[in-house]
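Open the model in a viewer and keep the sequence panel beside it. The stops below say what to select next and what is there.

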Amino acid sequence: MIIQKAERLQTISEYYFSTKLQQIRQMQIQGLEVINLGIGSPDLPPPPDVLQELQRSAQKPDAHGYQSYRGLPELSQAISRFYKNTFGVRLNPEAEILPLIGSKEGIFHISMAFLNPGDTVLVPNPGYPAYTAVSNMLQAQIEYYDLREETHWRIDFDQLLQKDLQRVKILWTNYLHMPTGTDANSEEFDKLIALAHKYRFLIVNDNPYSLILNDNPKSILETQGALEVALELNSLSKSHNMAGWRIGWLAGKQEYIDTVLQVKSNMDSGMFKALQKAAITALDAPLTWYQELNQVYEQRRKIAENLIQSLGCTFDNHQKGLFLWAKIPDNIQDVGDFCDRILNQYHLFITPGFIFGSQGNRYLRVSLCSPVEIFEKALSRILQKPVLS
């Protein structure tokens, strides 16, 4: 006898990377050396004093018990300082910040806190697949707003206004945008905030990439009137090389934070104290640390651009962030098939853009989370056998 799974799972499938990594593992078992340029998991360590603080704090007797659902007050204060220093945004650490066990947790908690079955959710296409998956699990009505290359991957407000915005409960946005690398734009934020006030919906901006290869980091909370209608997710995963640590936060109006806390307090038992102490150290990292990190990414990006061009793909060199988003050659019919051929012929895994939505069907994404030597090896494989068979 097999117990039937919940009906909500009929609307979602296993995460693409989960299944693809299984295939890569099987290739590796067969003795093939597969280069993975698909996953955005930073390969570099956080600042050295972060690791020292983790070790020091973990050795204290009081580190191992349950912690507050709101996190340590010192952590919220550090997040508040980070927002002031990075974005010029002043946040009340006691009321307008909620530490999270990773911002992906926050996507689920926010959706649980505000969505009823049938509520409309606006999701960017292309965009992070978790927005769609969580909305489906909660039986919300998903509508996509298309981001297109011809409009530089920015929101087409004429198209957006053709939708029934009266029915919208949440609009997800993500700047720096993943996967396209489009930067945040103050005018765009102004228009979004104005619409949210007019039609009474909540904007959630997902903002984990803003410090990577970007000289002008922005927060939606900089925008006048944003605090009334917007929340922002952020984390240490990308900006501080701490993806596996699962440290994120939500920032916004106290009433919204308290609503999300109603869900969170029933879902976890707080974050390990030593992680929080180390996170405080990370958030206070000097500007020079980010500059040195970005120098590394700049070197990788140059070789990644050569790799993309060797595959016949094109890209916008103004994009920012942790990835390189590129358009496949006109003679290629299917990006999924193209990426599978790259995997099979060059033993090189690159992410096909279709996993981010239908607007990604002619694109692929390369992660910069590998050493220069790995990019050089991948490029060498392509140059030695340049024609995909």
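Select Leu 176, which lies in the loop between β5 and α7 (186-199). Helices (H or I, at least four residues) and strands (E, at least two) are DSSP runs, numbered from the N terminus. Residues are numbered from 1 along each chain as its sequence is written, and side-chain values use heavy atoms, with hydrogens and water left out. The model is predicted: local features need pLDDT of at least 70, side-chain atom pairs count only at pLDDT 80 or more, and totals for chains, interfaces and linings use all residues.

Show the backbone from Tyr 175 to Leu 176: the peptide bond there is cis, with omega near 0°. Then go to Pro 179, placed in the loop between β5 and α7. Met 178 and Pro 179 are joined by a cis peptide bond with omega of about 20°.

Stay here for the largest cavity. Its lining consists of Leu 176, His 177, Met 178, Pro 179, Thr 180, Gly 181, Tyr 209, Lys 320, Gly 321, Leu 322 and Phe 323. The volume of the largest cavity is about 50 Å³. On a 1 Å grid over the protein atoms alone, a cavity is a set of points where a 1.4 Å probe fits but cannot get out; a pocket is an open set with protein on both sides within 12 Å along at least five of seven lines; lining residues have an atom within 4 Å of a point. Grid points are joined across faces, edges and corners, and a volume is the space filled by probe spheres set on the points. By class, the lining of the largest cavity has six nonpolar, four polar and one charged residues. Ala, Val, Leu, Ile, Met, Phe, Trp, Tyr, Cys and Pro count as nonpolar, Asp, Glu, Lys and Arg as charged, and the others, Gly among them, as polar.

How many cavities of 30 Å³ or more does a search of the whole structure find? There are three. For the second largest cavity, select Ser 68, Tyr 69, Arg 70, Gly 71, Pro 99, Ile 101, Lys 264, Gly 270, Met 271 and Gln 276, which line it. The space in the second largest cavity is about 40 Å³, and its lining divides into four nonpolar, four polar and two charged residues.

Next, the largest pocket, which holds about 610 Å³ of space. Of the 24 residues lining the largest pocket, Leu 211, Asn 214, Asp 215, Tyr 290 and Asn 294 lie nearest its centre. Colour α3 (73-87) and α11 (287-310): each supplies at least two residues of this lining. The largest share, eight residues, comes from α11. The lining of the largest pocket has nine nonpolar, eight polar and seven charged residues.

**Helix α12**

Select residues 335-346, the twelve residues of α12. From its first C-alpha to its last, α12 reaches 16 Å, close to the 16 Å expected at 1.5 Å a residue; the expected span is 1.5 Å times one less than the number of residues. At the start of α12, a side-chain oxygen of Asp 334 comes to within 3.0 Å of the backbone nitrogen of Gly 336. Just after α12, His 347 has a positive phi of about 50°.

Which residues of α12 are buried? They are Val 335, Gly 336, Phe 338, Cys 339, Ile 342, Leu 343, Gln 345 and Tyr 346. Buried means under 20% relative accessible area, exposed over 50%, partly exposed in between (1.4 Å probe, protein chains only). Show α1 (16-29), β11 (348-349), β12 (351-352), β13 (363-367) and α13 (372-384) as well: the buried residues of α12 pack against these elements.

**Single residues**

Trp 153 is in the loop between β4 (141-146) and α6. Trp 153 has a positive phi of about 60° although it is not a glycine, and counts as buried because its relative accessibility is 7%. Arg 200, in the loop between α7 and β6 (202-206), also has a positive phi of about 60°. Arg 200 is exposed, with a relative accessible area of 74%.

End at Glu 53 in helix α2 (residues 48-58). Glu 53 counts as buried, at 13% relative accessibility. Leaving aside neighbours within four places in sequence, Glu 53 is in contact (heavy atoms within 4.5 Å) with Lys 277, Ala 278 and Thr 281.

Definitions and conventions:
A polar contact is a pair of N or O atoms within 3.5 Å; within protein, one must be able to donate a hydrogen and the other to accept it, and residues adjacent in sequence count only if both atoms are side-chain atoms.
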